[in-house]
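Please keep the sequence and the model in view while reading.

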Amino acid sequence: LLPELHRVAARRSLELNLVTSPQTDVERLCTKFNQDYAPGFTLRFSPWSIDTTWQALSACDLVIIPVRMDGPGKLVKSPNRLIEAIWAGRFVVANPIPSYQEFGDFAWLGDNIVGGIEWALEHPGEVRRRIAAGQEYIARNYAPETIAQQWDAAVKAAMSAKAASRVDGPQGMDKSTQAQW
C-alpha cells in the first residue's frame, strides 16, 4: 500500500497515522520511511487504545482500513472500526470484507485502496453526502439504545423459548421420553 500511496503524495502532502497494536516493526518502519520520504509523505505510529482511536479520528480527514484478504480470521472482522469512523464524520476507504458490505453506500469499498483515496479527493461533495447518510443509518441501526433493545428482545426470546421447553418438553423427544422428562 505504501508504494502505491506515492502517486497521491506526488500531488499533495500526506501524513498517515498508523493506529495499531504496539509492534517494534511498525515503529521502525515509520522511522525508516520518514527518513526516506518526509516531509511530503510521513508515517506516524500511535499505539492503539480507545482514547487514541478517537483522537486520531478527530484529527484526520479520511480513514483507511486495509485488510489482508489472505489473512486468517480477517474476513470475519466486525464492522466496528468502519462504524466508528463514519460516526466520527470521517469517510472510510476499506477493502470489501463481508461485514463491511452493509455500509457500501456510505464508504468506498474495493480492492484498490489508493483508487478509493483518489476517488474521495476528487468527489468531496459525494463524500460529505455519504458520511451524512452513513451517520443517519448508524443512528437508526447501531445507536447504543437500538443495540440495547435488540439484546433485550433476544434475551427475552431465549428465555421464552426455554420456558416453553419446560412446559412442552424438549422438542424432538418421543412421547415415552417426554413422559420420563
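**Structural briefing**

P39 is placed in the loop between α2 (24–37) and β2; helices (H or I, at least four residues) and strands (E, at least two) are DSSP runs, numbered from the N terminus. The peptide bond that joins A38 and P39 is cis, with omega about 10 degrees. Most residues other than glycine have a negative phi, and most peptide bonds are trans.

The model is predicted: local features need pLDDT of at least 70, side-chain atom pairs count only at pLDDT 80 or more, and totals for chains, interfaces and linings use all residues. Residues are numbered from 1 along each chain as its sequence is written, and side-chain values use heavy atoms, with hydrogens and water left out.

**Overall fold**

- The chain holds 8 helices and 5 strands, and from the N terminus on its elements follow the order α-β-α-β-α-β-α-β-β-α-α-α-α.
- The chain has 181 residues, and 32% of them count as buried; buried means under 20% relative accessible area, exposed over 50%, and partly exposed in between (1.4 Å probe, protein chains only).
- The accessible surface of the chain is about 11,600 Å², and 54% of that surface belongs to carbon and sulfur atoms. Such areas come from the Shrake-Rupley method with a 1.4 Å probe, and for residues only the protein chains shown count as cover.
- Of the contacts in the chain between residues at least 6 apart in sequence, 59% join residues at least 24 apart; contact means heavy atoms within 4.5 Å.

**The largest pocket**

- Rolling a probe the size of a water molecule over the atoms shows where empty space is left.
- The largest pocket has a volume of about 1,900 Å³. On a 1 Å grid over the protein atoms alone, a pocket is an open set of points where a 1.4 Å probe fits, with protein on both sides within 12 Å along at least five of seven lines. Grid points are joined across faces, edges and corners, and the volume is the space filled by probe spheres set on the points.
- The lining of this pocket comprises 49 residues, and L16, N17, I64, I65 and P66 lie nearest the centre; lining residues have an atom within 4 Å of a point.
- Strand β1 (residues 14–20) gives the most to the lining, with 7 residues.
- The lining has 31 nonpolar, 8 polar and 10 charged residues. Ala, Val, Leu, Ile, Met, Phe, Trp, Tyr, Cys and Pro count as nonpolar, Asp, Glu, Lys and Arg as charged, and the others, Gly among them, as polar.

- In helix α1 (residues 2–9), the buried residues are L2, L5, V8 and A9. Seen down the axis of α1, they fall within an arc of 90 degrees and so line one face of the helix; the arc is that of the directions from the helix axis to the C-beta atoms.
- An α-helix has 3.6 residues a turn, so residues three or four places apart point the same way.
- The buried residues of α1 pack against β1, α2, β2 and α5 (113–122).
- In α3, the buried residues are T52, T53, A56 and L57. Their arc, seen down the axis of α3, is within 135 degrees, so they too line one face of the helix.
- On the other side of α3, the exposed residues are I50, D51, Q55, S58 and A59.
- Packing against the buried residues of α3 are β1, β2 (41–47), β3 (62–65) and α4 (80–87).

**Individual residues**

The contacts below leave aside neighbours within four places in sequence.

- T52 belongs to helix α3 (residues 50–59). T52 is buried, because its relative accessible area is 18%, and it is in contact with V19, S46 and P47.
- T42 is found in strand β2. With 18% relative accessibility, T42 counts as buried, and it contacts L14, E15, L16 and N34.
- I64 is part of strand β3 and, at 24% relative accessibility, counts as partly exposed. I64 touches L1, L16, V93, I113 and I117. I64 and L16 are 48 residues apart in sequence, and their C-alpha atoms are 9.1 Å apart in space.
- Q101 sits in the loop between β4 (91–94) and β5 (108–109). Q101 counts as partly exposed, because its relative accessibility is 44%. Q101 is in contact with P96 and L109. From Q101 to P79 there are 22 residues in sequence and 9.1 Å in space, C-alpha to C-alpha.
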